[in-house]
Amino acid sequence: MSTFFGINIALSSLLAQQRALDTVGNNVANVNTPGYRRQEAVLTPGPVYPPAGANGLLMGGQWGSGVEVQMIRRAQDAYLDLHARTVHQEAAQWQSAQTALAEVEGIIAPTSDSNLGALLDRFWNAWQDLSAHPEELSARVNVRQQGITLCAAVRQTVAQLRESQAGIDLTLTGKVEEINRLAADTASLNRQIAAAQAEGRQPNDLLDQRDQALSQLADLVGITAFATDRGDVIASIGGRPLIQGSAWYGVTAATRPDGHIELRWQEDGAAVNVQGGEVFGLTQVRDSAIPGYLAQLDTLAANLVAAVNAVHQTGYGMDGSTGNDFFAPGTTAANIDLSAAVLADARAVAAASTADAPGDGSLALAIAQVRDQALIGGITLNDAFRSLMGDVANATRSAADTVAAKQLSLQQVTTQQQSLYGVSLDEEMTNMIAYQHAYDAAARLMATMNDMLDTLINKTASP
Amino acid sequence: MRVSTPMIMGNLAQRIADNAERLYRLQQQISSGKRIQAPSDDPVGASRAAQMRSSLAQLAQYAANVDLGSQKLKTVDGLLGDLATTLRSARDLALQGANGALAEDSRSGLASVVDDLIRQVTAIANSESGGYYVFAGLKTLTTPFASTGGTPPVSYAGDSGTQNIEVGRNATIVVSVSGDQVFNMNGAADPALDDVFTTLTKLRDEILAGDNAGVSQRITDLDAQLGRALVLRADVGGKLQQLDLCATQLQNVQLSVQDALSKTEDVDLAQAAVDLQAQQNLYQATAAVAAQVSQWTLLNYLT
């Protein structure tokens, strides 16, 4: 038992309290750092002296040898992290879907007076007007103008919806780079973490970074991730691994036969089965919502063209011509337009059911009455537009409601994480006082030992 | 629960953002006067509002049609009135002409007055309104009546078509009378009767010839022609009343649809103002709490 044993105990405490204070300092410094999780110095008694089996009997038992820092522990709850990732990727999925749908809603159902429903109304009214003024060229010019405006609006709607799809394609292409970068980062972090842990070190900051990267990946494409016994994380998309230890498998943006972008595995070109995150939300809107609306617009346009043309062909124009189509036949919503005859000369617009009867507006009236005919599955063209608008509104609404619900869960889980992982300044200050006092006491112990040695050495010296 | 520093701040920031968003929505509603900013705000309400706006557009067109129909029928009514007056004058002349003791020059005087009446009737028959012939059937750009100088004395170039306007869903009303009906051209209205021009021409010739039997037959004919004109006029009058009724009904429906539309998509200002005040209070309270919370820390007590 050395005379200096006590000094060593004091020293161990000085060192341990200092490290604990450093940890407090690091926590305080990172109080606002995103993804930072509070750390704490885990203090443990030093090895006892003498070790078991030595001649402890002679010494009357074992002595403690001071304190040491066993580890700098990082706050963690694997289950909470898993749950948080799920909530995050669902929220991200619906958030992106809602944003995309709100754009679609603005395209199909602007609240202004210029939506397709209002333009249809004006179109029918123009025919009514013509039926009341069948002799007038201006009424025909008006019918033609309303027809041109309506066609342009339908085409514009289709073009904007397709632009919206193309915008989603562009976004997806951008996401691919982000996914690959995060996958590479995570794989590299896996390697560094494994190396550090093999050396018995505690790579807290690397773990923070990896959790951050996984959370971002979940937001992007929805991943399932779990940690192995070795401390690696395996993350997969749709059941296929994206990151496995220090290896990662890249994805690429490939063009599908229909011209849209999809994510494929670089390795074998198979489609990535994305089931969550922003990519999933956007893909859903692009591949199921928008095509549905486009099909509805096509049905509407085809029925409008067929119904008006069928009546118009039987009529007589101001120039005596008959058999003319009003709309170019066989067009879809993407290329709907007026017939060449009507575009070339407004007098070809028919108002009369009989030849040589300029005062006859009965055909124009018959076309105006197409408005109230049940053409598409028992509903009128105006109803069909309203039903399209209703579908878009309901989809957007339901996405918004889901986002609100997911936001609530997100808030809850974020609060839980902050509660568990966040730095509390009050707590750190309290710890700081505790460690500081312990440091003071250890220093005082050191001074006392010094005094004792002074007594022993100087006071026993021969005069 | 353990409360960490970012948790307090994060929650406060979230609450303030939520409140700000609700404030923004209310302000938007109030400033635009519309409860529904986008259809997704209320899909059912937005769909009903769209339907009602569509109805309003249709109703406005019907109202315009009714106006136009009334104008057309009023023109016809006036012309039929003129025709009746002219026919009455012709009947009066016929009564004078039926007096067999008339001197030859009196008879020719009467005959020339009948000629004037024929010209008047022709003018009525060829009346234009807004540049279009009223009594030409559907051939409104063709002068319908022309003197032939033979038999029949006036020919008809119009047709028997009539103009219809829609005044309600699939409810149409006839707003014209074709010339062959009015003047009984080719016996279109009454095959047993001459056309008006033939009747008048015969009357003139019979007065000139002193054919009393003929003239008294013309008086009977003129009574029949006058009777037909009055029946037509009564019919037109009936339609005018019908259109008036339509206009009133359309106005009522328009008002009620407008009212329903307003209830569907307009914001209840009183309610919105109350909501806005409540939201502002909440916002202020949250901000006050935020200001307070940031002052509480152990650091204040450590020296």
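Q: How many residues does helix H1 of chain B have, and how far does it reach?
A: Helix H1 of chain B covers residues 5–32, which is 28 residues, and reaches 41 Å from its first C-alpha to its last. That is close to the 40 Å expected at 1.5 Å a residue. Keep in mind that this is a predicted model.

Q: Which residues in H1(B) are buried?
A: In H1(B), the buried ones are B:Thr5, B:Pro6, B:Met7 and B:Gln29.

Q: And what covers the buried residues of H1(B)?
A: The cover includes H10 and H11 of chain A, together with helix H7 (269–293) of chain B.

Q: What comes just after H1(B)?
A: There you find B:Gly33, with a positive phi of about 75 degrees.

Q: New topic: how many residues of chain A are in contact with chain B?
A: On chain A, 48 residues are in contact with 43 residues of chain B. H10(A) gives the largest share of chain A's side, 16 residues. By class, that side divides into 16 nonpolar, 23 polar and 9 charged residues.

Q: Okay, now inside chain A. At what angle do helix H5 and helix H7 of chain A pack?
A: H5 (residues 137–198) and H7 (residues 277–313) of chain A pack at about 165 degrees, with their axes 10 Å apart. The angle makes H5(A) roughly antiparallel to H7(A), because angles over 145 degrees count that way.

Q: Which residues make that contact?
A: Among them are A:Val154, A:Leu161 and A:Ile168 of H5(A), and A:Leu282, A:Ile290 and A:Leu297 of H7(A). Overall, the contact has 13 nonpolar, 4 polar and 3 charged residues.

Note on methods:
Residues numbered from 1 in each chain as written. Chains lettered and ligands numbered in written order. Predicted model: local features only at pLDDT ≥ 70, side-chain atom pairs only at ≥ 80, totals over all residues. Axes fitted to C-alpha atoms, helices over the stretch in contact; angles between N-to-C directions. Helix = DSSP H or I, 4+ residues; strand = E, 2+ residues; numbered from the N terminus. Parallel < 35°, antiparallel > 145°, perpendicular 65-115°, else oblique. Contact = placed C-beta atoms within 7 Å. Nonpolar A, V, L, I, M, F, W, Y, C, P; charged D, E, K, R; others polar. Expected span 1.5 Å × (residues − 1). Buried ≥ 20, exposed ≤ 12 C-beta atoms within 10 Å, placed from the backbone.
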